[in-house]
Amino acid sequence: MTTAQSGTERTITTRIPARLDRLPWSRWHWSVVIGLGTVWILDGLEVTVVGNIASRLSEPGSGLPITSGEVTGVAAALYVAGACSGALFWGRLTDIWGRKRLFMITLAVYLGATALTAIAFDTWWFFLFRFLTGFGIGGEYAAINSAIDELIPARYRGRVDLMINGSFWLGAVGGSLLSILALDTDVFPADIGWRLTFALGAVLALVILLVRRHVPESPRWLLIHGRDEEAERIVGDIEQRVEAERNEPLPRVEGELTIRRRGNVTFTEIARTVFAKYRRRSVLGFSLFIGQAFLYNAITFGFGAILTTFFDVPSGDTGYYFAVIAAGNFLGPLLLGKLFDTVGRRMMISGTYLLSGLLLFGTAWLFDRGSLGATTMTACWCAVLFFASAGASSAYLTVSEVFPMETRAMSIAFFYAIGTAAGGISGPLLFAELTDTGKVADTVLAFQIGAGLMCAAGLVAAFLAVKAERRSLEDIAAPLSVAKAETAGK
């Protein structure tokens, strides 16, 4: 690494990004995945538990004067609204204060809000802390995806990002099974079981917080903020650990980057970068997020209500069905993730969106004909969400890697907030209204809207998706502070 001073401008020529990208996979990378990625398990736990316990919360003796529609509609929408506003609030601070500080703060916010949800004594209290729980989770999306992409080697970035975002569904499996236990009044009183599920979420968050302390700050973020000596120490330590583990020399470093020290990026610069310089990528990001957000937030929030309303499944048994669906969701990114790094982003993103949308249209048609029962409906959903989950995870991957370093967290936050607000706030409210009517045609309409948006996003991706596989972040989108780039792959 070399530095130069010209007037008031300080430049740094470094190979740190190339050194990080050329690293072979190691135990250190697994520690990053565990420390940062496991938070999506908590998000999956939260969303699934609330959906599955909706019917129990609305029953007399639950301890809350609330209806099932308010749980799956108002509370779900407030959770998503909190996540959207939290993403924007914390996303800006993530680009200014750093990845590590924010992924510690946002997890602490989530922990406190979840613990306070467990002691809810009135509807307004439950609503308030559902919002604040989402506020913490929204910040996690920006901070975590930024840190992961900047620490994981380029040739593994796609599969790792998809697997981590897909781990939401491990939490969903746990939430489904946990809700079965929580709803069993032979085990817990009606006003205690659901509280214990939220308390468990807080305990798990505390464990993750302790593990996360050992994840370092992103060296890439340190570089553009003039903390090059600290970045050098962190990367040197990582290299020593990886080399000692493999007991062989590391691959040769190819490519360097020269950047100039500058102040924080303004909102004007962010807007100019995202909406002018990279407007095609912005259209792609909006399309992917709106499509997946509506499908997931509008439809899966109410899956328990569909089972009880149309198939007479007891409220205490809905968790079994959702656990099967959640397992299929996790298997999608797990089994298809490698293809995003080999076959390529464009084909896999467009393919997963289009396949999931077409399969959802098929499910709606069968449901409308009365050809599905609870088991076959669940099987159809497994097929739809196997592909949809990989596609949805690729939306987060896309917006975290196709914009410049200085705007990364804010870009993630912005597209997540706008896309999720469009489909994730209006979706649960609309879907709760449709399923409450008990009419098959209304539920079919919701399915068709979600399917149509997924197919539309898939077509956009077929034309606009960026070929980012196995390329360094700096090669995909040069940092705004770059003075000269000589990266491998150009």
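**View 1. Thr 133 is a buried residue of the predicted model, with 0% relative accessibility.** Here, buried means under 20% relative accessible area, exposed means over 50%, and partly exposed lies in between, with a 1.4 Å probe and protein chains only. This is a predicted model in which local features need pLDDT of at least 70 and side-chain atom pairs count only at pLDDT 80 or more, while totals for chains, interfaces and linings use all residues. Residues are numbered from 1 along each chain as its sequence is written, and side-chain values use heavy atoms, with hydrogens and water left out. Thr 133 sits in helix α7; helices (H or I, at least four residues) and strands (E, at least two) are DSSP runs, numbered from the N terminus. Leaving aside residues up to four places away in sequence, Thr 133 touches Glu 46, Tyr 79, Tyr 110, Ala 113, Thr 114 and Thr 117, where contact means heavy atoms within 4.5 Å.

**View 2. Helix α7 meets helix α18 at a crossing of roughly 70 degrees.** Helix α7 covers residues 123–151, helix α18 covers residues 374–401, and their axes come within 10 Å. Axes are lines fitted to C-alpha atoms, for helices over the stretch in contact, and angles run from 0 to 180 degrees between N-to-C directions. The two helices, α7 and α18, are therefore roughly perpendicular to each other; angles under 35 degrees count as roughly parallel, over 145 as roughly antiparallel, 65 to 115 as roughly perpendicular and the rest as oblique. From α7, look for Tyr 141, Asn 145 and Asp 149; from α18, look for Tyr 396, Leu 397, Ser 400 and Glu 401, which together make the contact. These residues divide into three nonpolar, two polar and two charged. In this grouping, Ala, Val, Leu, Ile, Met, Phe, Trp, Tyr, Cys and Pro count as nonpolar, Asp, Glu, Lys and Arg as charged, and the others, Gly among them, as polar.

**View 3. Thr 398 is a buried residue of helix α18.** Its relative accessibility is 4%. Not counting residues up to four places away in sequence, Thr 398 touches Leu 284, Leu 288 and Ile 349.

**View 4. Cys 380 belongs to no disulfide.** A disulfide is a covalent bond between the sulfur atoms of two cysteines; the cut-off used is a pair of cysteine sulfur atoms within 2.5 Å. The structure holds zero disulfides. For Cys 380, the nearest cysteine sulfur is that of Cys 382, 9.4 Å away. Cys 380 counts as buried at 17% relative accessibility, and Cys 84 is buried too, at 6%.

**View 5. Asp 312 and Arg 470 each have a positive phi without being a glycine.** Asp 312 has a phi near 55 degrees and lies in the loop between α15 (303–310) and α16 (318–342). With 66% relative accessibility, Asp 312 counts as exposed. For Arg 470, phi is about 60 degrees, and the residue is found in the loop between α20 (440–464) and α21 (473–476). Arg 470 is partly exposed, with a relative accessible area of 48%.

View 6. Of its 490 residues, 60% count as buried. Among contacts with a separation of 6 or more, residues 24 or more positions apart account for 85%. The chain exposes about 17,800 Å², and carbon and sulfur atoms supply 63% of that area. Accessible areas come from the Shrake-Rupley method with a 1.4 Å probe; for residues, only the protein chains shown count as cover.
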